Amino acid sequence: MPRTRKLLCRNVWKIYGPQAAAFLARTPDPDDAALREAGLIGAVRAADVDIREGEIFVIMGLSGSGKSTLVRCLSRLVEPTGGEIQFDGEDLLAMTEAQLTQLRRRKIGMVFQNFALLPHLTVLQNVAFPLDVQGVDRRTREARAHEMIEIVGLKGREAYFPRQLSGGQQQRVGIARSLVGEPEIWFLDEPFSALDPLIRREMQDEFMRLQGLLKKTIVFITHDFDEAIRLADRIAVMKDGRIVQTATPEELVLNPATDYVAEFTKHIPRGKVLTLRAVMAPLGRGPYAGDLDAAVRVADAADRIEAANLPFRVIEDGAPIGSIGAAAVVDVLIGRPRVPAAE
Ligand SMILES: Nc1ncnc2c1ncn2[C@@H]1O[C@H](COP(=O)(O)OP(=O)(O)OP(=O)(O)O)[C@@H](O)[C@H]1O
């Protein structure tokens, strides 16, 4: 996993209601009762987030858990009531309005659930719009917009208006527009929630393909745990304004921190989440059918492993670290607990 830190939050709070800042100064870690008594809403409570360059960081939680508020705090679209936020090592909360505007224009791309396209502009004009605001000349911005439209698969529809496009196509325009300024960090707030399930899956695949090309740092909000599992390098699970656990999908499934997290992970097919590293046996004497990467998910390697007569070596950083055979794969797929033996 990439290590350079992109965005750091320490003890971030967003409390809505009268004199929230003074209240937080007096009561540094208010519980439910203290907030209720003061007539305040703790939308984000003591959030710690550490987002690394190039990762897909998903914030997952049910409606009202504080996801949107937290993400808006990260770009100061919402002013945090307390805490510390660093963007590329710079103190976000100390920035002036002008610095923030520059930061949002040049470094941040955003996509929302409701597409938020400008209805009277064509696809080309919508995608080029952020560059227009930045004062980029027409030739350059249209050339960039054409490039992005092609990347999201809408070539040929440049002259259409949003109303002439399907929901999935409109969201592709939103995605192209959010990327046209070449942001360093990409915030997506429930971008696919308004789409029907089939199109939604297609857009998730498309999103992963784009990320393979662009390798952005991504903060992705969803209330759908399946979506989180499919897309995330790491997931922060929120409940009542608090982050209850931040972990890889695999860690969440193997070691849920609370019953609440366990409830989400319960129905997730293990093979889709567990990697070969998590289920492999010690290295034996061989012979082996071949090598497989330790980070591959069991479900993705299952066909190959089951079709072979011999086990595979599991490789990490070029070195063999274990072995995996068909029996172990079947155990994971049917959810049978097992102590792995060397193969
Ligand atoms: N401007 C506001 N004034 C008062 N309370 C607010 C405001 N914005 C959000 N809240 C409250 O903060 C809490 C968190 O809201 P938020 O929108 O961040 O949740 P969410 O997890 O993004 O929900 P959803 O998935 O429904 O968008 C909710 O209880 C909400 O009612």
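Which element supplies the largest share of the shell around the ligand?

1. That share, three residues, comes from α3, where helices (H or I, at least four residues) and strands (E, at least two) are DSSP runs numbered from the N terminus. The model is a predicted one, in which local features need pLDDT of at least 70 and side-chain atom pairs count only at pLDDT 80 or more, whereas totals for chains, interfaces and linings use all residues. Residues are numbered from 1 along each chain as its sequence is written.

2. The ligand is surrounded by Tyr16, Ile41, Ala43, Gly61, Ser63, Gly64, Ser65, Gly66, Lys67, Ser68, Thr69 and His223, a residue being near a molecule if its C-beta atom, placed from the backbone, lies within 6 Å of it. At least two residues of this shell are supplied by each of β2 (41–52) and α3 (67–74). Sorted by class, the shell holds three nonpolar, eight polar and one charged residues; here Ala, Val, Leu, Ile, Met, Phe, Trp, Tyr, Cys and Pro count as nonpolar, Asp, Glu, Lys and Arg as charged, and the others, Gly among them, as polar.

3. Strand β2 is also the place of Ala46, a residue that has a positive phi of about 55 degrees although it is not a glycine.

4. Helix α5 (residues 123–133) and helix α7 (residues 167–179) have axes that come within 7 Å and cross at roughly 30 degrees, the axes being lines fitted to C-alpha atoms over the stretch in contact and the angles running from 0 to 180 degrees between N-to-C directions. That angle makes α5 roughly parallel to α7, since angles under 35 degrees count as roughly parallel, over 145 as roughly antiparallel, 65 to 115 as roughly perpendicular and the rest as oblique. In this contact, Val123, Asn126, Val127, Phe129 and Pro130 of α5 meet Val173, Ala176 and Arg177 of α7, with C-beta atoms, placed from the backbone, within 7 Å counted as contact. The contact of α5 with α7 has six nonpolar, one polar and one charged residues.

5. Helix α7 also packs against helix α8 (residues 197–214), at an angle of about 30 degrees and with the axes 10 Å apart, and α7 and α8 are therefore roughly parallel to each other. Gly167, Gly168 and Gln171 of α7 make this contact with Ile199, Glu202 and Met203 of α8, and its residues by class are two nonpolar, three polar and one charged.

6. The domain assignment, which is automatic or from a database, gives domain 1 (52–84 + 95–269) and domain 2 (271–334), and the C-alpha centres of domain 1 and domain 2 lie 33 Å apart. Their contact takes seven residues from domain 1 and six residues from domain 2. On the side of domain 1 that touches domain 2, the largest share, four residues, comes from helix α10 (residues 249–254), and that side divides into six nonpolar, no polar and one charged residues.

7. Helix α14 (residues 298–307) packs with helix α15 (residues 326–334) at an angle of about 140 degrees, the axes being 10 Å apart, and that makes α14 oblique to α15. Here Val298, Ala302, Ile305 and Glu306 of α14 meet Ala326, Val329, Val332 and Leu333 of α15, a contact of seven nonpolar, no polar and one charged residues.

Conventions
Contact = placed C-beta atoms within 7 Å.
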